[in-house]
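Subject: Structure handover

Hello,

Here is the structure I said I would pass on. Please look through it first; my notes on what was found follow below.

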Amino acid sequence: MGDQATPPAPELAAMAINDGPCLKHPFSDRAPVRSIVCRPDGGAALAGNRVRAGGWVKTGREQGKGSFAFLEVNDGSCPANLQVIVDAGVADLSTLVQTGTCVLVEGLLKMPPEGTKQKIELRVDKVLHVGPTDPASYPIPKTKLSLEFLRDHIHLRPRTNTISAVARIRNALAFATHSFFQEHGFLYVHTPIITTSDCEGAGEMFQATTLISEAEKLDKELIMNPPPTEADIEAAKCTVGEKRWRKEPKLKPGIPKKDGKIDYGQDFFGRQAFLTVSGQLQVETYACAVSSVYTFGPTFRAEHSHTSRHLAEFWMVEPEIAFADLQDDMNCAEAYVKYMCQWLLNKCFDDMELMAKLYDKGCIDRLRMVSSTPFERITYTEAVQLLEEAVRGGKEFEKNVEWGIDLASEHERYLTEDIFKKPVIVYNYPKGIKAFYMRLNDDSKTVAAMDILVPKVGELIGGSQREERYEVIQQRIAEMGLPLEPYEWYLDLRRYGTVKHCGFGLGFERMILFATGIDNIRDVIPFPRYPGRADL
């Protein structure tokens, strides 16, 4: 399982496969590679078992003057490969050894010669399937490839060690998310992808409309069936008589307009609609009825950013808790982050070893530290004071430090990586840099907001106690220059049975960046969308 040291007993026990015969996949006539090689003994106790295994050839080589071949086969169930030995009398070896070839084989598991790396190998006597590959054109050879290169082959990159490991880590973190909230009595609520309200007030939203496609259909129809000319109309009037002539509405090409503006009344929803930037506002409706809820789904930002930290489509985890304040919010967020870190140590240690070997040798130690260390908690004002002290001591930041700024990533990482050397929760931010729904503090200058900052990434979680006072939130919406009408339903939650409540949002891809140490967010989501790219 990589070149790292053997994990401690609890972590090894949690990730180990049960002793006994290797496990047959419940819905496939094969044994997953993981059930063979990811055992405490590396699979040695399975010697003598007859199995069927399938996967894709990572490397292959003919030996013994072409009399047999070694194949390293991987099916994506774990980072480790199964060594397969095929004799020339069983199959055409030249086809099998090509990287990327898919094979389904059957044979006996045997102990390899002493001194070899493998603990078990499969001696094949039947080749049941071969999906050949042309080595001249296959774009994912066994040579080292950059993650940037792999983005140009998005449909094949899951076959690489890195991307398949990231997929398993992502899967584990999603499972951990549901496990954490389900264990703590939260209800999973599916909030809408299409919305008519802007949670962030930023205006950087993707519009969802059918007006363009409908206009294109109409334009095509008018070309194929042009409207009658004035002469045609006059002739028709003469034929049927002026009094019997019924004037047909005139179809106009292009997007419909009213009073010089686009007429969204003719759009699919009868009004402007957008892809959601957050499910928070909608999930609050359930928090104010069933108390503890969370939503976990895709969100969208039409932001023309090409940084390594931004995507146009990304996933958010957003819990909401009724009868809870900012302290409860911070406690929940801290417990959730620790839970995910421990989950990866317990369930994905082999994949984390691969990340440590290839990308960030400190990633496992970072998970251990976060899972076991109390987070530091400081106010925004204290954070600014610490940064100002650092500047006076000679530290240089690209962005000036002063009270009222939105902390930049460089500030956040300095707090967590250099000053405290552990996760930091910063709370009570200036109201001018936070959203309208955050509860105004008694000083009328700050709001009950909090961010969790972690090493490597900076801000991982942003949350707040929500403003439950009707008059105050109405005033905050007005101060932000937002129209009241789209938020009338949100104000109803304060008009009718208002309740103290809080919540936060975790950028799921940022959590994966933090865990793996990979630098670019485009490499931790299966199908990245960013300006100019939306492949598949």
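This is a predicted model: local features need pLDDT of at least 70, side-chain atom pairs count only at pLDDT 80 or more; totals for chains, interfaces and linings use all residues.

Residues are numbered from 1 along each chain as its sequence is written, and side-chain values use heavy atoms, with hydrogens and water left out.

Some conventions for the names: helices (H or I, at least four residues) and strands (E, at least two) are DSSP runs, numbered from the N terminus. Two strands pair if DSSP finds at least two bridges between them.

The barrel

Strands β1, β2, β3, β5 and β4 make a closed five-stranded barrel in the order β1-β2-β3-β5-β4, and the pairing is mixed. From one strand to the next, the twist averages 55° (axes are lines fitted to C-alpha atoms, for helices over the stretch in contact, and angles run from 0 to 180 degrees between N-to-C directions).

β2 (residues 68–74) is mostly covered, with six of its seven residues buried (buried means under 20% relative accessible area, exposed over 50%, partly exposed in between, with a 1.4 Å probe and protein chains only).

β2 is also antiparallel to β3 (residues 82–87), through six bridges; here Ala69 faces Val86 of β3 as its opposite residue. The pairing of β3 with β5 (residues 121–131) is parallel and has four bridges, and Ile85 stands opposite Arg123 in β5. Nine bridges then connect β5 to β4 (residues 102–110) in the antiparallel sense, with Val130 in β5 as the bridge partner of Val103. Between β4 and β1 there are seven bridges, again with the strands antiparallel, and Gly54 stands opposite Leu104 in β4.

β13 runs parallel to β14 (residues 424–430), and four bridges join them; Thr379 has Tyr427 in β14 as its bridge partner.

Aromatic rings and charges

Rings of Phe, Tyr and Trp (its six-membered ring) pair if their centres lie within 6.5 Å; planes under 30 degrees apart count as stacked, over 60 as edge-to-face and the rest as tilted. By this rule there are 21 aromatic pairs. One of them is Tyr380 with Trp403, an edge-to-face pair at 5.7 Å centre to centre and 80° between the planes. This pair links distant parts of the chain, 23 residues apart: Tyr380 belongs to helix α12 (residues 380–392) and Trp403 to the loop between α12 and α13 (409–419). Tyr380 is buried at 0% relative accessibility, whereas Trp403 is partly exposed at 36%.

Ring pairs also join a cluster whose members include Phe175, Tyr294, Trp343 and Phe504. The charged end of Lys347 sits over the ring of Trp343, 5.1 Å from its centre (a charge sits over a ring if NZ of Lys or CZ of Arg is within 6 Å of the ring centre and within 35 degrees of the ring normal). Arg494 likewise lies over the face of Tyr490, at 4.1 Å from the ring centre.

Two buried sites

Asp350 lies in helix α10 (residues 349–358) and is buried, with a relative accessible area of 2%. Its side chain makes a polar contact of 3.1 Å with that of Arg34 (a pair of N or O atoms within 3.5 Å; within protein, one must be able to donate a hydrogen and the other to accept it, and residues adjacent in sequence count only if both atoms are side-chain atoms).

Helix α16 (residues 508–516) has eight of its nine residues buried, so it is largely enclosed by the rest of the structure. Just after α16, Gly517 takes a positive phi of about 85°.

Regards
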